[in-house]
Amino acid sequence: MKTLLLGTLLLAFLSEVASLPGDLRGKSLIFPQESTTAYVSLIPKVKKSLSNFTLCMKAFTDLKRTYSLFSYSTRSRDNEILLFVNAPGVYMLYIANSAVTFNGPPVAYAPIHVCVSWESASGIAELWVNGKPLGRKGVRKGYILGAEAKIFLGQEQDSFGGGFDAKQSFVGEIWEVSLWDKIFYLKNMCAYCPSGNLLTWHNLIHRDYGYVVTKPRVWA
Ligand SMILES: *[C@@H]1O[C@H](CO)[C@@H](O)[C@H](O)[C@H]1NC(C)=O
Ligand SMILES: [Ca+2]
């Protein structure tokens, strides 16, 4: 009996400290309530500074206010990479605290498939939503993104790993997040999303904090 209790305690302790890779294929992460406590921390397979990246993800929300989709902070810059929605259809990409805005039409009550890429050499950021380009804009040409990062879904970081605001928290569902260290032709990514070499949904190293629930997804 004592051993069993000890084992249970040890297991509880281990699941607290360890972030094990999980296969989330067919599943989505649900952020059921507005909060400053619910988020999912993602750990990339390789820790490296980035000159190029492509990020794809799918999400559903009925929020009309601002919210964060993907928050990648470093010790020196809270918005090292931030994919933020300012209003339905209005996307902002921050690179090292500088932002570009992509004004798309509002899409009501439908899941979104967002793909965004950024290339240091040209500074060009390109954003696609549901298979359609919203344009290309320039930001932080020549910058190299820091490797030592906290990557959070559900909350927007205003400091390294913290500084959350409930009014920027994500409420809804997120699935199929992929991150690569290179640029892809985004038109192809929208049709077929291969697994990211830094973050991939079928082998996602993550840790959930607060009220986050994993369930089979209801959208494609
Ligand atoms: C970034 O991408 C460009 C082409 O888009 C390539 O020329 C360059 O070598 C890449 N840099 C790294 C570090 O991968
Ligand atoms: Ca921030």
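How far does a polar side-chain atom of N52 lie from an oxygen atom of ligand 1? The separation is 2.4 Å, a polar contact in the sense of a pair of N or O atoms within 3.5 Å (within protein, one must be able to donate a hydrogen and the other to accept it, and residues adjacent in sequence count only if both atoms are side-chain atoms). The model is predicted, with pLDDT of at least 70 required for local features and 80 or more for side-chain atom pairs, whereas totals for chains, interfaces and linings use all residues. Residues are numbered from 1 along each chain as its sequence is written, chains are lettered from A and ligands numbered from 1 in the order in which they are written, and side-chain values use heavy atoms, with hydrogens and water left out.

The surroundings of ligand 1 consist of S51, N52 and E119, a residue being near a molecule if one of its heavy atoms lies within 4 Å of it. For E119, a side-chain N or O atom is 2.5 Å from an oxygen atom of ligand 1. The protein buries 34% of the 360 Å² that ligand 1 exposes when taken alone; accessible areas come from the Shrake-Rupley method with a 1.4 Å probe, and for residues only the protein chains shown count as cover.

The calcium ion (ligand 2) is coordinated at 2.0 to 3.0 Å by D78 (OD), N79 (OD1), E156 (OE), E156 (OE), Q157 (O) and D158 (OD). Donors are N, O and S atoms within 2.8 Å of the metal (3.2 Å for Na, K and Ca), and sites may look incomplete, since water is not among the atoms. Along the chain, the donors follow the spacing D-N-x76-E-Q-D. D78 belongs to the loop between β5 (67-74) and β6 (81-87) and E156 to the loop between β12 (149-153) and β13 (172-180), so the pair ties together parts that are 78 residues apart in sequence. Strands are DSSP runs (E, at least two residues), numbered from the N terminus. D78 and E156 are both buried, that is, under 20% relative accessible area, with exposed meaning over 50% and partly exposed in between (1.4 Å probe, protein chains only). The angles among the six donor atoms of the calcium ion (ligand 2) run from 47 to 164 degrees, and the site is irregular. Six donors count as octahedral if opposite donors are over 155 degrees apart and all others between 65 and 115.

A search of the whole structure finds one disulfide, defined as a pair of cysteine sulfur atoms within 2.5 Å. It is formed by C56 and C115, with the sulfur atoms 2.1 Å apart. The link of C56 and C115 is right-handed, with 110 degrees about the S-S bond. C56 lies in strand β4 (residues 52-60) and C115 in strand β9 (residues 112-119), so the pair ties together parts that are 59 residues apart in sequence. C56 is buried at a relative accessible area of 0%, and C115 is buried at 0% as well.

H206, in strand β14 (residues 204-209), is buried with a relative accessible area of 15%. Its side chain is joined to that of D208 by a polar contact of 2.9 Å.

N130 is placed in the loop between β10 (124-129) and β11 (132-138) and is partly exposed at 36% relative accessibility, while E176 is found in strand β13.

Key. Four donors count as tetrahedral if all angles lie between 85 and 135 degrees; four count as square planar and six as octahedral if opposite donors are over 155 degrees apart and all others between 65 and 115; anything else is irregular. Helices (H or I, at least four residues) and strands (E, at least two) are DSSP runs, numbered from the N terminus.
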